[in-house]
Amino acid sequence: MFEVRNLFAIAALAAFLAPVSVQAGETPAPEGAKVYFINLKDGDTVANPVKIQFGLSGMGVAPAGVEDKKNTGHHHLLIDTTLEGEALNEPIPSDDQHRHFGGGQTETSVELPAGPHTLQLVLGDWSHIPHNPPVMSERITITVK
């Protein structure tokens, strides 16, 4: 009887942890997929509001929460920050430095303080986790007048 209870406890724990085991990189990205800025390039000087157009090749755009569409994701804009290491294994945060476009948007306008800013695009899967391998743009620096 004692051993059966242990088996039930182990099974319950495994069922509880199963959803947690899905980590970044679980959603594959096709070879050659890339995300990029359409209208901005490194070194540009711009004025507010800053219009940012997101480009994507080798994959499609689907809103957050849509997990049955292969080779799709949605855009995230990183402002003055990076995603590295273990952060690539977790949902991308949602704050002023990590902007989510879970509705499938492919452009935005943002107000930024005057001065230099870094921008980077990251494609997230249906649950906001970067793909495997991560589909990330080059990090660019712009200056806001």
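The largest pocket in this model has a volume of about 170 Å³. Quick note on method for that number. The search runs on a 1 Å grid over the protein atoms alone, and a pocket is an open set of points where a 1.4 Å probe fits, with protein on both sides within 12 Å along at least five of seven lines. Lining residues have an atom within 4 Å of a point. Grid points are joined across faces, edges and corners, and the volume is the space filled by probe spheres set on the points.

Before going on, the ground rules. This is a predicted model, where local features need pLDDT of at least 70 and side-chain atom pairs count only at pLDDT 80 or more, while totals for chains, interfaces and linings use all residues. Residues are numbered from 1 along each chain as its sequence is written, and side-chain values use heavy atoms, with hydrogens and water left out.

Back to the pocket. What lines it? There are 17 lining residues, and Thr 27, Lys 69, Lys 70, Asn 71 and Thr 72 lie nearest the centre. By class, six are nonpolar, seven polar and four charged. Here Ala, Val, Leu, Ile, Met, Phe, Trp, Tyr, Cys and Pro count as nonpolar, Asp, Glu, Lys and Arg as charged, and the others, Gly among them, as polar. Strand E5 gives the most to the lining, with three residues.

Now the overall layout. In sequence order the pattern is α-β-β-β-β-β-β-β-β-β. Of the 145 residues, 37% are buried. Buried is under 20% relative accessible area, exposed is over 50%, and partly exposed is in between, with a 1.4 Å probe and protein chains only. Contacts next, meaning heavy atoms within 4.5 Å. Among contacts with a separation of 6 or more, 69% join residues 24 or more positions apart.

Next, the cores. A nonpolar core is a set of buried Ala, Val, Leu, Ile, Met, Phe, Trp, Tyr and Cys residues joined through side-chain atoms within 4.5 Å. The largest one has 23 residues, and Phe 37, Leu 40, Val 50, Ile 52, Leu 77, Leu 119 and Ile 142 touch the most other members. Which strands supply at least two residues each? They are E1 (34–37), E3 (50–57), E5 (72–79), E8 (115–124) and E9 (140–144). E3 has the largest share, four residues. Take Leu 119: beyond four places in sequence, its contacts include Phe 37, Leu 40, Ile 52, Leu 77 and Ile 142. Leu 119 also touches Glu 138 and Arg 139. A second, separate core has five residues, among them Leu 78, Leu 83, Leu 88 and Val 122.

Let's look at the loops. Start between E4 and E5, where both Lys 70 and Asn 71 sit. Lys 70 is exposed, at 72% relative accessible area. Asn 71 is partly exposed, at 31%. Its phi is near 60°, a positive value in a residue other than glycine. Asp 80 has a positive phi too, near 55°. That residue lies in the loop between E5 and strand E6 (98–101), and is partly exposed at 35%.

On to the loop between E8 and E9. Is His 131 buried or exposed? His 131 sits in this loop and counts as buried, because its relative accessibility is 2%. A polar atom of the His 131 side chain lies 3.0 Å from the backbone oxygen of Thr 72. His 131 and Leu 88 are 43 residues apart along the chain, with 8.5 Å between their C-alpha atoms.

Last item, cis peptides. Pro 133 is in that E8 to E9 loop, and the bond from Asn 132 to Pro 133 is cis, with omega near -5°. The bond from Asn 48 to Pro 49 is also cis, with omega near -10°. Pro 49 falls in the loop between strand E2 (45–46) and E3.

How values were computed:
A polar contact is a pair of N or O atoms within 3.5 Å; within protein, one must be able to donate a hydrogen and the other to accept it, and residues adjacent in sequence count only if both atoms are side-chain atoms.
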